[in-house]
Amino acid sequence: MSDENPLQPPWLNAPPVGEYPYEESHDLRVGPKLHRALDGLLPYIGVWRGRGRGGFPTIEDFDYGQEIRISHDGRPFLFYESRAWLLDEQSRPVRPAGREVGWWRPVLDGDRVTDELEALMTTPTGIMELHIGKRKGTQIEFATDAVLRTATAKEVTAGARLFGIVEGALLYAQEMAGVGHPLSPHLSARLIRVAG
């Protein structure tokens, strides 16, 4: 039996630590060396900004602006962050819209990198999607393997996403199933690289 008080763990009175000491980068010219497993995803790394159009059978169509940041920290996965905002008819910001964070991870077979990917996407509205995908050149196609929702989240039951680098721009289309509707077009956008 230990004489240590369980309410006084050894780290309780330890000196404070500094800020996070490891660099993450969306710019391949600076920061950690890209993990070799990410070589096929290299064209996606950067900060992308542009506009898109959204809709669903239960809502009116809408225009939006979006910024996506895809970065790495030297390990075999990418960090994905998306921020969107609604636009009015004159392309002026109306209000914040969807946010999402996640990770894209290539599937390894031993030391060999496959064309398969796993992605985890999470929203602040209580929805988490696990996607399984394949990369073919600069195109990635994802489909949900599982969708988890909090008790207060809207019903989303499935999704599919197609990403591609076309003439230097990041294009994507997203489909969603939920609230009694099958897989239907939901979002599509064209984003230009602004950093990285």
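How many strands does the closed barrel have, and in what order do they run? The barrel is closed by 10 strands, in the order β1-β2-β3-β4-β5-β6-β7-β8-β9-β10, and the pairing is antiparallel. On average, neighbouring strands of this sheet are turned by 25° against each other, direction ignored. Axes here are lines fitted to C-alpha atoms, with angles from 0 to 180 degrees between N-to-C directions.

The model is predicted: local features need pLDDT of at least 70, side-chain atom pairs count only at pLDDT 80 or more, and totals for chains, interfaces and linings use all residues. Residues are numbered from 1 along each chain as its sequence is written, and side-chain values use heavy atoms, with hydrogens and water left out.

## Strand pairing

Strands are DSSP runs of E with at least two residues, numbered from the N terminus. Two strands pair if DSSP finds at least two bridges between them.

Strand β6 covers residues 127-136 and β7 covers residues 139-149. These strands run antiparallel and are joined by 10 bridges. I127 has R149 in β7 as its bridge partner.

Strand β10 spans residues 181-195 and is joined to β1 by eight bridges, again antiparallel. Here G54 stands opposite L187 of β10. Strand β9, residues 169-178, is antiparallel to β10 as well, with nine bridges between them. Y172 has A189 in β10 as its bridge partner.

## Salt bridges

A salt bridge is a side-chain nitrogen of Lys or Arg within 4 Å of a carboxyl oxygen of Asp or Glu. The whole structure holds 14 of them.

| Salt bridge | N to O distance |
|---|---|
| R49 and E67 | 2.6 Å |
| E67 and R83 | 2.8 Å |
| E118 and R105 | 2.4 Å |

Burial classes follow relative accessible area: buried is under 20%, exposed is over 50%, and partly exposed is in between (1.4 Å probe, protein chains only). R49 is partly exposed at 38%. E67 has a relative accessibility of 16%, so E67 counts as buried.

E67 also meets R83 in a salt bridge. E67 is in strand β2 and R83 in strand β3 (residues 78-87), so this pair ties together parts 16 residues apart in sequence. R83 is partly exposed, with a relative accessible area of 38%.

E118 and R105 form another salt bridge. E118 belongs to strand β5 (residues 112-122) and R105 to strand β4, so parts 13 residues apart in sequence are tied together. E118 is partly exposed at 27%. R105, at 45%, is partly exposed too.

Salt bridges with shared partners join R49, E67 and R83 into one network.

## Aromatic pairs

A pair of aromatic rings is described by the distance of the centres and the angle of the planes. Rings of Phe, Tyr and Trp (its six-membered ring) pair if their centres lie within 6.5 Å; planes under 30 degrees apart count as stacked, over 60 as edge-to-face and the rest as tilted.

The structure holds 10 aromatic pairs. Why does the pair of Y80 and W104 count as stacked? The ring centres of Y80 and W104 are 5.6 Å apart and the planes stand at 20°, so the pair is stacked. Y80 in strand β3 and W104 in strand β4 are 24 residues apart, and the pair links distant parts of the chain. Y80 and W104 are both buried. Ring pairs also link Y44, Y80, W104, F142, F163 and Y172 into a cluster.

## Nonpolar surface patch

Patches are made of residues with over 30% relative accessible area and no salt bridge; like charges are joined within 9 Å, and nonpolar side chains (Val, Leu, Ile, Met, Phe, Trp, Tyr) within 5 Å. Accessible areas come from the Shrake-Rupley method with a 1.4 Å probe.

Which residues make the nonpolar surface patch? V101, W103, L120, L130 and I132 do, with an area of about 360 Å². Strands β4 (93-109) and β6 each supply at least two residues of the patch. V101 sits in strand β4. Its relative accessibility is 30%, so V101 counts as partly exposed.

Note on methods
Helix = DSSP H or I, 4+ residues; strand = E, 2+ residues; numbered from the N terminus.
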